[in-house]
Amino acid sequence: MDTQRELREIVTQMRGLLRSYQEIGLDPPPISADVLGFFSTTESKTVRPSAPHGGEGKVRVVVPDRSTSLMHLRERIGDCQRCKLHKSRTHLVFGEGSPEARLVFVGEGPGYDEDMAGRPFVGESGKLLTRIIENGMGLTRSNVYICNVVKCHPPKNRDPEKDEMEACIPFLREQLRIIGPDVICTLGRVAGQALLGKGFRMTGERGQWRTYQGIALMPTFHPAYLLRNESAKREVWKDIKQIMQRIGLEVKAHG
Ligand code: URA
């Protein structure tokens with residue numbers, strides 16, 4: 001049997017098996033969340049087989065939707081103990097918003113309030129970010145996606161350390177890959193360096209379009225910095241206007 005047909009048959013059998021499990025009210029079999037996502041979602045797309053012998057006709061491949069993929073990613077992170085931040089956290093803060101978002105905000109790491117709530121940007125700097133999104137951009141938090149470089153609160157709001165960032169960044173990269181937004185907005189130096197490299201500097205590079213994995217990236221100030229430096233709001237508004245233009249939103253008066 002050729003490889004394409006063999007794969008097709010495995011997929012058909014797996015989907016049948018999953019259906020039978022659902023029908024009799026059992027949990028899915030113990031296979032990894034990624035594999036399960038591949039077989040169990042309903043969205044499908046048609047691709048041309050690349051193998052020369054499979055050149056005729058098309059193969060239907062089941063593609064997990066973004067929401068399912070994010071859910072599976074969260075499951076894969078689990079009760080994470082990959083770095084020392086787990087010892088002092090109350091909640092792991094995965095991220096929230098629309099899996100279909102065209103704009104993703106990336107912060108540094110949860111603060112105290114976020115650690116308590118299990119949600120990103122809900123404290124004082126979060127309220128400012130929410131105002132930027134709602135009053136400045138005319139969007140809601142649920143129109144965008146908000147997440148952080150590290151998913152657990154660094155004690156005393158210190159910067160995440162190298163080993164902590166290294167342990168956690170694969171999950172941020174995966175979130176961005178799944179969502180595939182048009183624009184990423186990094187908030188502050190730590191988020192900028194995490195996605196653009198250690199050489200990234202806020203001074204001189206803030207407000208300048210960059211690219212991360214083919215996605216337009218706008219580095220701007222962290223809202224916590226704006227709370228301490230009122231005058232920097234003007235710069236952030238310039239950056240936000242650039243983002244709005246890029247995603248086709250109408251820019252109104254100063255927000
Ligand atoms: N600061 C961040 O960088 N992220 C949050 O979620 C909250 C505050």
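In the predicted model, six strands are arranged as an open sheet of mixed pairing in the order β3-β5-β4-β6-β8-β7, where strands are DSSP runs (E, at least two residues) numbered from the N terminus and two strands pair if DSSP finds at least two bridges between them. Three bridges join β7 to β8 (residues 215-220) in the antiparallel sense, and Tyr212 has Ile215 of β8 as its bridge partner.

Residues are numbered from 1 along each chain as its sequence is written. Local features require pLDDT of at least 70 and side-chain atom pairs pLDDT 80 or more, whereas totals for chains, interfaces and linings use all residues, and side-chain values use heavy atoms, without hydrogens and water.

The shell around the ligand, made up of residues with a heavy atom within 4 Å, includes Gly107, Gly109, Pro110, Gly111, Glu114, Pro120, Ser125 and His222, and the shell divides into three nonpolar, six polar and two charged residues. Among the polar contacts (N or O atoms within 3.5 Å), a backbone N or O atom of Glu108 lies 2.8 Å from a ligand oxygen atom, and a polar backbone atom of Phe121 is 3.0 Å from an oxygen atom of the ligand. The side chain of Asn148 places an N or O atom 2.8 Å from a ligand nitrogen atom. Taken alone, the ligand exposes 240 Å², of which the protein buries 93% (Shrake-Rupley method, 1.4 Å probe).

Key
Polar contact = N/O pair within 3.5 Å; in protein donor to acceptor, adjacent residues only side chain to side chain. Nonpolar A, V, L, I, M, F, W, Y, C, P; charged D, E, K, R; others polar. Helix = DSSP H or I, 4+ residues; strand = E, 2+ residues; numbered from the N terminus.
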